[in-house]
Structure formats: structure tokens, C-alpha cells
Amino acid sequence: MSAAQHSTDHLSPVCDTKAKVGVVAGWPPLTSVSDEGVALGLDIDIAKIVFERVGICIEFVRLPSAARSFAQLTKGVVDVVLMVSYTFKRKQWGHFTLPYRMERMRLFSLKPPELVYSLMALLSSEATIGLSIGSYYGEEIKSLANQDRFGNQFIGISTIQRRIELLAKQRVDFIIEDEITGNYLSHKWSEKPIHVWDYPVHDNEVHFLLRKEKFTPSERLKIDLAIVELQQQITALVSRYRQLGQAK
């Protein structure tokens, strides 16, 4: 597989411009790619309605990993990265749109949930936490991971399927995932019950990150306006996909 593979096109009736949207396949039901090469998922559906509203034809390009997404954006392999949390560093790589939805990062474990006041309390009991390589989980995780005392208790694991597998084998005590994805794939891939904890690891707005050289200020404004105008439809899509994640 090459560093980027074209998966499918979504053409609006009138195209003022064209753009390549990067898709990391391993986050169903948020982003995935079918055996036939078709991009699927919540954030795919949101991208389709937003860019169609502004007359931009989008082509989905499969990316090898979340960690590689920003490099592919700056190289011009893709023009848009989906599902991006805001950080100052990432602002240097592209233009953030207005947020289009919220993500809820939560702890998942084999043991039933308990009342937790801080992640430091969990880590103080020697718990290990599996994380996606290259993902942002908020300032609490960032601060703890940079401490000598706790840094080695965070385990970078490349795919969510592998994270669930290692959790089920008790190789890590917890994983942190988007609530929709974690629920959906825990039911799909684990023979053991996996529980989601209420502790709000990171409730966070996500954005499209646009390549700086690609979009004019006028186009960026139109994308932002479309996000605002389509909020009712976006909320309905989020609710539908949340139900998929809760289905047993």
C-alpha cells in the first residue's frame, strides 16, 4: 500500500473547486474504508454535506495513520484533515475551521467503572493506559505523560484494534478512545465485556484542518458558514452514530 491511496469521490452537482480529504481508515464508525475502497463513517458524512454546501468536490485519500496526517497535509498530498483537535502547534500546519462536532474521550477497561477524581490517582496505583500514537488527549494527559514518574505508564499502540486486543489480554489496564468508537469496537472485537468510564478525560471540539495554500479566505469563510448552517443535520448524524456505538 502506498503512503496515500485514493478511495472514492463525492461530487456535488456544481464544483467551484476540488479538494483531497485525508481519511485514516482505522476509526470506525467515525472514519473507515470499505473493501471496495469507499470512505465511510460519521466524519465522512459530515465532510460530504459541508463541502457539498459550498460547491467543493471532495476526493477521499486514504492515509496510513493519524500520526502521518499532518505531514501529508503540509506536503500537499491532502488538502483537508478530518477530526482535528485544536493545538497551537497544529495551527502552524493549516487553517482550522469552526468546530463541527464534539468528541468525548473516555477510559475503557475490563473492570467495572469506579468513581475517579483524577487520572493521577489511577496512575498512582501503577495502572497502564494504551493510547493512539500521534493523537491529542488534552492537557491532563499531556502533562502526566511528560512527567518522569508516570511517562512510562502510557503505552503508544498504533491501531484501535490492537489497543482493544491488548486490553482484553490485560497487557494494559485502560485504553482511551472516543466514546462512539470505543463502544462500537469493544462490542465488535472483544469477547470480554469492556466498560466505559464516566471520567471526562477530554471533551473537545473537533475541526477540519485546511491546507494553507489551498483555500482562499472567501472559501474558508464559506466552509465556516456551512458548518453553522448545517448544525442541525450534523447533530442528527452524531446521534445516529452514537446509537451504533451503544448497540450490543
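Start with the salt bridges: this predicted model holds 12 of them.

**Stop 1: R101 and D43.** Select both side chains. They meet in a salt bridge, with N to O at 3.0 Å. R101 sits in strand β8 (residues 101–109) and D43 in helix α1, 58 residues apart, so the pair links distant parts of the chain. Buried or exposed, R101 and D43? Both are buried.

**Stop 2: helix α1.** Now colour the buried residues of α1: L42, D43, I44, D45, I46, A47, V50 and F51. Step just past the helix to G55, where phi is positive, about 75°.

**Stop 3: D79 and R211.** Show these two side chains next. Their salt bridge is 2.8 Å, N to O. D79 lies in the loop between α2 and β6 (80–85), and R211 in the loop between β13 (202–210) and α8 (217–229), so the pair ties together parts that are 132 residues apart in sequence. Both D79 and R211 are buried.

**Stop 4: K169 and E165.** Here the closest N and O atoms of the salt bridge are 3.1 Å apart. E165 is partly exposed, with a relative accessible area of 31%.

**Stop 5: the largest pocket.** About 470 Å³ of space lies in this pocket. Select G134, S135, Y136, Y137 and K142; of the 24 lining residues, these are the closest to the centre. Which elements each supply at least two residues of the lining? They are α2 (66–74), α3 (88–91), β9 (129–132), α5 (139–145) and β10 (154–157). The largest share comes from α5, with 4 residues. Colour the lining by type and you get 13 nonpolar, 7 polar and 4 charged residues.

**Stop 6: the second largest pocket.** Its volume is about 380 Å³. Select V24, G26, P64, S158 and T159, the closest to the centre of the 19 residues that line this pocket. Two or more lining residues come from each of β5 (56–63), α2 and α6 (160–168). Which element gives the most to this lining? That is α6, with 3 residues. By type, the lining of the second largest pocket divides into 11 nonpolar, 6 polar and 2 charged residues.

Key:
Residues are numbered from 1 along each chain as its sequence is written. This is a predicted model: local features need pLDDT of at least 70, side-chain atom pairs count only at pLDDT 80 or more; totals for chains, interfaces and linings use all residues. Side-chain values use heavy atoms; hydrogens and water are left out. On a 1 Å grid over the protein atoms alone, a cavity is a set of points where a 1.4 Å probe fits but cannot get out, and a pocket is an open set with protein on both sides within 12 Å along at least five of seven lines; lining residues have an atom within 4 Å of a point. Grid points are joined across faces, edges and corners, and a volume is the space filled by probe spheres set on the points. Ala, Val, Leu, Ile, Met, Phe, Trp, Tyr, Cys and Pro count as nonpolar, Asp, Glu, Lys and Arg as charged, and the others, Gly among them, as polar. Buried means under 20% relative accessible area, exposed over 50%, partly exposed in between (1.4 Å probe, protein chains only). A salt bridge is a side-chain nitrogen of Lys or Arg within 4 Å of a carboxyl oxygen of Asp or Glu.
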